[in-house]
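These notebook entries record what I looked up in one structure.

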Amino acid sequence: MSWKDKLIIALDVSDADKALGIVDMLSDSCDIFKVGFELFVTAGPSIVDKIHAKGKRVFLDLKFHDIPNTVSKASLVAAKLGVYMFNMHASGGLDMMKRCRDSVADYCEKNNAKRPKMIGVTMLTSLSNEMLKNELCIQHTVKNQVKHLAMLAQKAGLDGVVASPQEIELIKKNCGNSFLVVAPGIRPSWSLPDDQMRTATPREALHDGADYIVMGRGILKQEDPVKAIELISVEILTA
Ligand code: C5P
């Protein structure tokens, strides 16, 4: 298995043609593309079909967070779109996550459809310990909060969590190896952290056991994104 099978490219653009252009440009290097708010709000669900039509998989990163009934219905819509993976905030609570999991599993079983991977968002990678304490009034450290939410997501039957690369080992230790960790906040050694607080290089994240690494600006802001992926390959293979 190549590291590229674990790579998810974030299509953080507000234009469907631009997004599809990126999918074409990186077609040989990446199989899973992430559709987040910006693209979904402009392009609508048809962008998912268009990416599927190119033979690629979609991670629908809409980070659902609402009452259980609303989120479980939205999750069903995501499942009907045939996405490979979608997520919800673990801080929405056990019942919210459980109802999503059960309704999606039930739908997929009855319709003989492949069940999407359901992932809980722990703490955003743009949050620091100080922000947690001073802004959100949460007295735990980021690490403790991430560990708690990951265990809650596992209890609800989700397949894994989104967490910063700095928490991968902690999650694997507490939830087991088969519990997936999707890690954003990934920056090649030569790029800037931007607004991400808890970052790591692709090599570090993969070494620590990330099942998927999500990369946006670290690749797409480079002059030649295809070359950037090749440079990352060199960094990983020569480590
Ligand atoms: O450009 P960059 O590589 O920082 O993009 C990271 C992507 O991962 C963004 O689309 C962001 O929304 C997403 N993400 C994140 N932190 C999370 C969950 C998702 O950065 N906890």
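This is a predicted model: local features need pLDDT of at least 70, side-chain atom pairs count only at pLDDT 80 or more; totals for chains, interfaces and linings use all residues.

Which residues of H3 are buried? I found Ile47, Val48 and Ile51.

**Entry 1: helix H3**

I looked at how the buried residues of H3 are arranged around its axis. They cover an arc of only 105°, which puts them on the same side of H3. I then listed what they pack against: helix H1 (16–25), strand S2 (32–35), helix H2 (37–43), S3 and H4. After H3 comes Gly55, and I noted its positive phi, near 80°.

**Entry 2: helix H4**

I next checked the length of H4, which runs over residues 68–81. Its 14 residues should span 20 Å at 1.5 Å a residue, and the end C-alpha atoms are 20 Å apart, which agrees. The buried residues I recorded for H4 are Val71, Ser72, Ser75, Ala78, Ala79 and Leu81. Viewed down the axis, the buried residues of H4 fall within an arc of 165°, so they line one face of the helix. On the face turned away from that buried side I found the exposed residues Lys73, Val77 and Lys80.

I also looked up what covers the buried residues of H4. The cover includes helix H3 (46–53), strand S3 (57–64), strand S4 (85–89) and helix H5 (94–110). Gly82 follows H4 and has a positive phi, near 80°.

**Entry 3: Ser75**

Why does Ser75 count as buried? Its relative accessibility is 0%, and the cut-off for buried is under 20%. Setting aside neighbours within four places in sequence, I listed the contacts of Ser75 as Phe64, Phe86, Met88, Cys100 and Val104.

**Entry 4: helix H7**

I repeated the length check on H7 (residues 142–155). With 14 residues, H7 reaches 20 Å from its first C-alpha to its last, close to the 20 Å expected at 1.5 Å a residue. Its buried residues are Val142, Gln145, Val146, Leu149, Ala150, Leu152 and Ala153. These cover an arc of only 160° around the axis, which puts them on the same side of H7. Among the elements covering them I noted H5, helix H6 (129–134), strand S6 (160–162) and helix H8 (168–175). Just after H7, Gly157 takes a positive phi of about 95°.

**Entry 5: the ligand**

How many residues surround the ligand? I counted 15, the closest being Asp12, Lys34, Thr125, Arg187 and Arg217. I then looked up individual polar distances. An N or O atom in the side chain of Lys34 is 2.6 Å from an oxygen atom of the ligand. For Arg187, the side-chain N or O atom is 2.7 Å from a ligand oxygen atom. Thr125 places a polar side-chain atom 2.8 Å from a nitrogen atom of the ligand. The protein covers 88% of the 470 Å² of accessible area that the ligand has on its own.

**Entry 6: Arg198**

My last entry concerns Arg198, in the loop between strand S7 (180–183) and helix H9 (202–207). Is Arg198 buried or exposed? At 7% relative accessibility, Arg198 counts as buried. Leaving out residues up to four places away in sequence, the residues Arg198 touches include Val142 and Val146, both listed above among the buried residues of H7. Arg198 also touches Thr125, one of the closest residues to the ligand. I noted finally that the Arg198 side chain reaches the backbone oxygen of Leu124 at 2.8 Å.

Note on methods
Residues are numbered from 1 along each chain as its sequence is written. Side-chain values use heavy atoms; hydrogens and water are left out. Helices (H or I, at least four residues) and strands (E, at least two) are DSSP runs, numbered from the N terminus. The expected span of a helix is 1.5 Å times one less than its number of residues. Buried means under 20% relative accessible area, exposed over 50%, partly exposed in between (1.4 Å probe, protein chains only). The arc is that of the directions from the helix axis to the C-beta atoms. Contact means heavy atoms within 4.5 Å. A residue is near a molecule or strand if one of its heavy atoms lies within 4 Å of it. A polar contact is a pair of N or O atoms within 3.5 Å; within protein, one must be able to donate a hydrogen and the other to accept it, and residues adjacent in sequence count only if both atoms are side-chain atoms. Accessible areas come from the Shrake-Rupley method with a 1.4 Å probe; for residues, only the protein chains shown count as cover.
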